[in-house]
Amino acid sequence: MLRVDEFVGLVGLGLMGTAMSTRLLAVGRRVVGFDVSADARQAHRARGGDVANSPADVAARCRLVILSLPSGQISRSVCLDPDGLVEDGQPDTVVLETSTVDPEDAETLGAELHRRGFAYLDAALSGSSDMVARGDTLGMIGGDAATLEVAQPVLSAFCREIRHVGGVGDGMRAKLVVNHILALNRFALAEGLVLAEKMGLDLQQMVAVLKASAAYSKAMDMWGQRMVERRFTEPVSRIRMHNKDAQLTLDVGRRHGAPMFATAQLN
């Protein structure tokens, strides 16, 4: 069975990619990173990472490559276009898709990579970039169990828990459900705190009350204090990514005949 050495490839060095590279470097992995942004590449080098010239260069140097990208279309391009992963990747290279993508796109890309001798897991993560950086996220993994066994030592660096939820695409399906509920919890928290403020309640105390109440949700731990302090710099997530994920959830919901009334209003 393939074993992953100390080198881990990472394509995409945005908020989540930076958090993953930071965590992997902290536990002693060498991270070969690539991003289209020169600033992102330079920041990765400054953290102690190795910088690649292209996705193909990443795959030539690493037997496991993590994708952390804005969309499924970009993931497909990074893998299959000229200078992509398949150009210089070795047989049995493991590709971990941590980007939030359409489950059907994950299935299609996984099948194409399999035909070319690569292994593929859709490795959806539940948690903010801060949680990833401290190793406190949940991994929802779709794909072959034996491939997951190979990837587990890397995933364990930033996942406190790893759940194998089914075949390729099922990791993304689970992630969409989680994101759907989390977004609504976050919205309910913000709306509730505005109501509390308008009624003259102390917001610090109100967050403590909410956390102790039947209304508790993880969103209160992640965003409650930030909302009270109006601390919106140094984001742990971005609105444009919420909008992308919400639209993806609506599209998947329509395909499966699932009513998505609350998400349609929120988005």
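Let me begin with a definition: buried means under 20% relative accessible area, exposed means over 50%, and partly exposed is in between, with a 1.4 Å probe and protein chains only. What you see is a predicted model, in which local features need pLDDT of at least 70, side-chain atom pairs count only at pLDDT 80 or more, and totals for chains, interfaces and linings use all residues. Residues are numbered from 1 along each chain as its sequence is written, and side-chain values use heavy atoms, with hydrogens and water left out.

Cysteines to start. How many disulfides does a search of the whole structure find? Zero, where a disulfide is a pair of cysteine sulfur atoms within 2.5 Å. Cys79 is in no disulfide, and the nearest cysteine sulfur, that of Cys62, is 14 Å away. Cys159 is likewise in no disulfide; for Cys159 the nearest cysteine sulfur is again that of Cys62, 19 Å away. Cys159 counts as buried because its relative accessibility is 6%. Cys79 is also buried, at 0%.

Now the charged pairs. I call it a salt bridge when a side-chain nitrogen of Lys or Arg is within 4 Å of a carboxyl oxygen of Asp or Glu. The structure holds 17 of these.

One is Asp50 with Arg61, whose closest N and O atoms are 4.0 Å apart. Which parts does this pair tie together? Asp50 lies in strand β3, residues 50-51, and Arg61 in helix α3, residues 55-61, so the bridge joins parts that are eleven residues apart in sequence. For the element names, helices (H or I, at least four residues) and strands (E, at least two) are DSSP runs, numbered from the N terminus. Asp50 is buried, with a relative accessible area of 17%, while Arg61 is partly exposed at 32%. Both residues belong to a network of salt bridges that links Arg30, Asp50, Asp57 and Arg61.

Another is Glu112 with Arg115, where the closest N and O atoms are 2.4 Å apart. These two are separated by about one helical turn, because they are three residues apart in helix α6, residues 103-115.

On to the rings. The count of aromatic pairs comes to zero. The rule is that rings of Phe, Tyr and Trp (its six-membered ring) pair if their centres lie within 6.5 Å; planes under 30 degrees apart count as stacked, over 60 as edge-to-face and the rest as tilted. There is a charge over a ring, however: the charged end of Arg186 sits over the ring of Trp223, 4.8 Å from its centre. That label needs NZ of Lys or CZ of Arg within 6 Å of the ring centre and within 35 degrees of the ring normal.

Next, the surface. Leu195, Met199 and Leu201 make a nonpolar patch of about 310 Å². Patches are made of residues with over 30% relative accessible area and no salt bridge; like charges are joined within 9 Å, and nonpolar side chains (Val, Leu, Ile, Met, Phe, Trp, Tyr) within 5 Å. The areas come from the Shrake-Rupley method with a 1.4 Å probe, and for residues only the protein chains shown count as cover. Leu201 is in the loop between α9 (170-198) and α10 (203-212), and is partly exposed at 41% relative accessibility.

Last, some loop positions. Val27 is in the loop between α1 (15-26) and β2 (30-34) and is partly exposed at 47%. The C-alpha atoms of Val27 and Ala157 are separated by 7.0 Å, although the residues are 130 apart along the chain.

Most residues other than glycine have a negative phi. Asp83, in contrast, has a positive phi near 70°. Asp83 is in the loop between α4 (72-80) and α5 (85-88), partly exposed at 38%. Asp92 also has a positive phi, of about 70°. Asp92 is in the loop between α5 and β5 (94-97), and is partly exposed at 48%.
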